[in-house]
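Me: I am new to this structure. Please take me through it in short questions and answers.

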There are 2 protein chains.
Amino acid sequence: MKHAVSYELLKTDNRTKARRGRVHTPHGTIETPVFMPVGTAATVKAMRPEQVKEMGAQIILSNTYHLYLRPGHEIVREAGGLHKFMNWDRAILTDSGGFQVFSLGALRKITEEGVEFRSHIDGSKHMLSPEKSMEIQNALGSDIMMAFDECAPYPADRDYVKNSLERTTRWLKRCKDYHKDIERQSLFGIMQGGMYKDLRYESAMQVVDLDLPGYAIGGLSVGEPKELMLDVLDDCVDYLPKEKARYLMGVGSPDYLFEGVERGVDMFDCVLPTRIARHGMAMTSYGRVNIKNAKYERDFETLDPECDCYTCRNYSKAYLRHLYKCDEMLSAMLLSNHNLHFLVNMMGNIRKAIEEDRFLEYKNEFYTKYGRF
Amino acid sequence: MKHAVSYELLKTDNRTKARRGRVHTPHGTIETPVFMPVGTAATVKAMRPEQVKEMGAQIILSNTYHLYLRPGHEIVREAGGLHKFMNWDRAILTDSGGFQVFSLGALRKITEEGVEFRSHIDGSKHMLSPEKSMEIQNALGSDIMMAFDECAPYPADRDYVKNSLERTTRWLKRCKDYHKDIERQSLFGIMQGGMYKDLRYESAMQVVDLDLPGYAIGGLSVGEPKELMLDVLDDCVDYLPKEKARYLMGVGSPDYLFEGVERGVDMFDCVLPTRIARHGMAMTSYGRVNIKNAKYERDFETLDPECDCYTCRNYSKAYLRHLYKCDEMLSAMLLSNHNLHFLVNMMGNIRKAIEEDRFLEYKNEFYTKYGRF
């Protein structure tokens with residue numbers, strides 16, 4: 001049986017581990033490295049799906065925890081699946097719900113069976129387990145499903161992390177056993193192990209052994225220093241097979257994307273571009289812009305002279321500031337559009353740079369203009 | 001000197017006062033009767049301007065009071081005018097700020113000079129007068145500017161209304177005297193007179209005497225019973241010249257639009273379609289839909305089977321309900337789009353019906369499906 005999703009390696013950078021590849025899915029081919037906009041509740045916030053496509057986004061991420069609670073996965077199934085429900089015909093990746101249960105749910109109780117929790121919306125009691133997460137993701141019909149894992153906090157002691165990663169592996173096996181239709185949807189495994197490199201290695205060996213079409217690196221960017229994160233990431237990638245897709249979860253600032261690509265990561269997702277947009281923040285080629293700033297009151301230039309997105313083609317900073325100050329929805333709509341376009345476009349430039357053997361030059365050029373992190 | 005704006009009467013209905021015409025402006029010709037979407041703070045809420053154009057809107061209304069306070073008319077002037085500032089290249093009508101000073105401003109003090117008030121945003125003290133209103137609207141560069149008037153409340157005694165309408169006329173003369181560039185922007189007068197038909201006649205004679213390109217009927221739909229409003233409106237229209245545009249301010253429910261057109265009104269505006277959209281309410285060919293209703297939880301049909309708007313082409317009621325329940329911006333975006341499209345499309349049907357001598361038949365057909373009001 002053919003897996004729904006497969007990875008194709010096109011080229012590896014001559015000086016770094018950066019690689020240019022493709023992820024083939026039932027809803028189109030994704031050129032990698034790729035940034036995936038997040039559509040938590042079956043909508044990329046403040047965007048029409050056509051606008052997300054227009055800027056070149058090839059795949060979005062949606063959240064199992066949120067869709068399970070609202071509207072309920074059975075309703076999405078009855079609607080004909082998530083693609084149809086939300087009017088998005090390109091690829092979708094769904095997370096497992098595990099991370100949200102820990103970060104949003106209340107009164108969590110973890111057992112070998114799964115996690116009992118209360119909804120952050122109405123306090124109702126629920127249970128998520130590997131089987132339940134698969135059942136939900138099967139109903140959603142995403143192209144890539146993530147395994148139900150436990151993401152250890154930072155800091156956490158070695159014993160805790162070791163037990164946690166071993167349970168994550170047992171849960172991954174249960175996910176794989178439950179998921180039947182591998183030609184329609186693919187399951188990605190998640191490596192854990194906290195900041196302990198030997199545990200990362202142990203986790204990698206266990207999940208890779210299950211021969212899945214892709215692997216995520218979980219449990220990074222959870223509060224640890226950036227240097228530590230990058231150091232651990234560097235090793236994590238080495239433990240993963242070259243012929244499978246690699247996904248670094250929840251990372252989306254420009255510097256982390258560059259550093260992740262340089263270390264061999266193919267896929268990224270983050271709410272950052274749309275979240276900061278709603279707070280009046282823009283990513284531009286010359287660094288972050290806080291549109292609330294009084295200095296933009298009479299600034300009739302566009303947000304980013306190097307950007308050709310809808311927002312930058314049509315509006316001035318003075319107008320964007322005005323919209324934000326008036327709490328107008330168009331503010332979030334235009335800034336979300338710009339920020340997503342910025343990252344999607346940046347990833348396109350990164351792919352081109354890898355193809356042309358000038359990834360490090362592009363990275364350096366970008367950092368010089370964008371400013372220090 | 002030629003006025004910037006002129007009205008062309010194409011046809012009058014054979015059985016009613018409904019009329020088919022055109023308003024020519026520096027930013028295009030408007031087919032009338034017309035509904036004007038409202039873009040209070042230089043944005044039609046939750047809509048990109050292209051989307052407002054796409055559905056066939058020919059002119060929008062923007063608010064002088066709001067733009068004077070934020071971002072300030074001088075900033076809009078420096079931006080190159082309101083059209084450029086907000087990226088809207090079709091016609092714009094601005095109100096005078098008078099109505100908002102009364103409805104939103106605090107600590108109002110009316111004198112012959114104008115109205116002193118405090119901002120509803122920061123409590124700062126301001127003065128609006130006929131001259132100031134013209135200065136602001138000149139800076140905004142709208143195609144149609146409204147005279148600075150006093151809108152009498154309902155109920156109000158005869159003396160109050162008489163004094164008020166006479167002051168409105170004196171203020172109108174001051175507006176006309178202040179406004180110089182009549183080839184760039186046109187000033188419309190506003191008739192007042194409350195519910196007193198003889199005072200309406202008196203007001204009409206005074207404002208018509210100033211020979212402006214269009215006249216608005218103010219002070220209606222301010223809390224009076226519908227029957228009284230329609231009865232007074234019926235007479236008001238008779239007092240206005242046939243060769244000038246007629247505008248009924250602040251009216252936008254489907255039934256009021258039909259009744260207004262039947263009585264000879266050419267132009268309407270209202271925040272209703274976008275405001276109710278933000279509260280999960282949709283106008284459809286079979287009446288109002290409250291998308292919050294539990295019965296839509298598993299309703300995978302579109303909002304209105306007779307509608308071909310973007311929302312109805314792509315989304316189910318179940319999805320729209322989900323978005324509303326999750327407080328997602330896309331909810332307001334999609335419902336605003338639908339409601340505006342509904343009214344703009346309805347006005348197109350009304351124009352066609354007048355052309356084909358079946359206005360009353362169309363009205364009857366619409367009411368039968370839409371339900372009682």
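Predicted model: local features only at pLDDT ≥ 70, side-chain atom pairs only at ≥ 80, totals over all residues.

Reply: In α7(A), the buried residues are A:Val161, A:Ser164, A:Leu165, A:Arg167, A:Thr168, A:Thr169, A:Trp171, A:Leu172, A:Arg174 and A:Cys175.

Me: Which elements do the buried residues of α7(A) pack against?

Reply: The buried set includes A:Trp171 and A:Leu172. The partners of the buried residues lie in chain A. They are β7 (106–110), β8 (115–118), α6 (130–140), β11 (186–191) and α8 (197–208).

Me: How far apart are the end C-alpha atoms of helix α7 of chain A?

Reply: The helix covers residues 158–178, which is 21 residues.

Me: Is A:Ile354 buried or exposed?

Reply: A:Ile354 sits in helix α14 (residues 329–355) of chain A. Leaving out residues up to four places away in sequence, A:Ile354 touches A:Lys11, A:Asp13, A:Ala18, A:Arg19, A:Arg20, A:Pro33, A:Val261 and A:Phe359. Buried means under 20% relative accessible area. The relative accessibility of A:Ile354 is 0%, so this residue counts as buried.

Me: What separates the C-alpha atoms of A:Ile354 and A:Asp13?

Reply: Along the chain, the two residues are 341 residues apart. They are also in contact. Their C-alpha atoms are separated by 5.8 Å.

Me: How much area do chain B and chain A bury between them?

Reply: The contact takes 40 residues from chain B and 40 residues from chain A. Of the buried area, 57% is on carbon and sulfur atoms. The total is about 3,700 Å².

Me: How many salt bridges are there between chain B and chain A?

Reply: One of them joins the side chains of B:Lys45 and A:Glu328, at 2.6 Å from N to O. The interface also has 16 residue pairs in polar contact. The salt bridge count is four.

Me: How many nonpolar residues does the side of chain B that touches chain A have?

Reply: Helices of chain B supplying at least two residues each include α1 (49–54), α13 (317–325) and α14 (329–355). By class, this side has 11 charged and seven polar residues. The nonpolar count is 22.

Conventions
Residues numbered from 1 in each chain as written. Chains lettered and ligands numbered in written order. Heavy atoms only, no water. Contact = heavy atoms within 4.5 Å. Buried area = accessible area lost by both parts, 1.4 Å probe. Polar contact = N/O pair within 3.5 Å; in protein donor to acceptor, adjacent residues only side chain to side chain. Helix = DSSP H or I, 4+ residues; strand = E, 2+ residues; numbered from the N terminus. Nonpolar A, V, L, I, M, F, W, Y, C, P; charged D, E, K, R; others polar. Buried < 20%, exposed > 50% of the residue type's maximum accessible area, 1.4 Å probe, protein only. Expected span 1.5 Å × (residues − 1).
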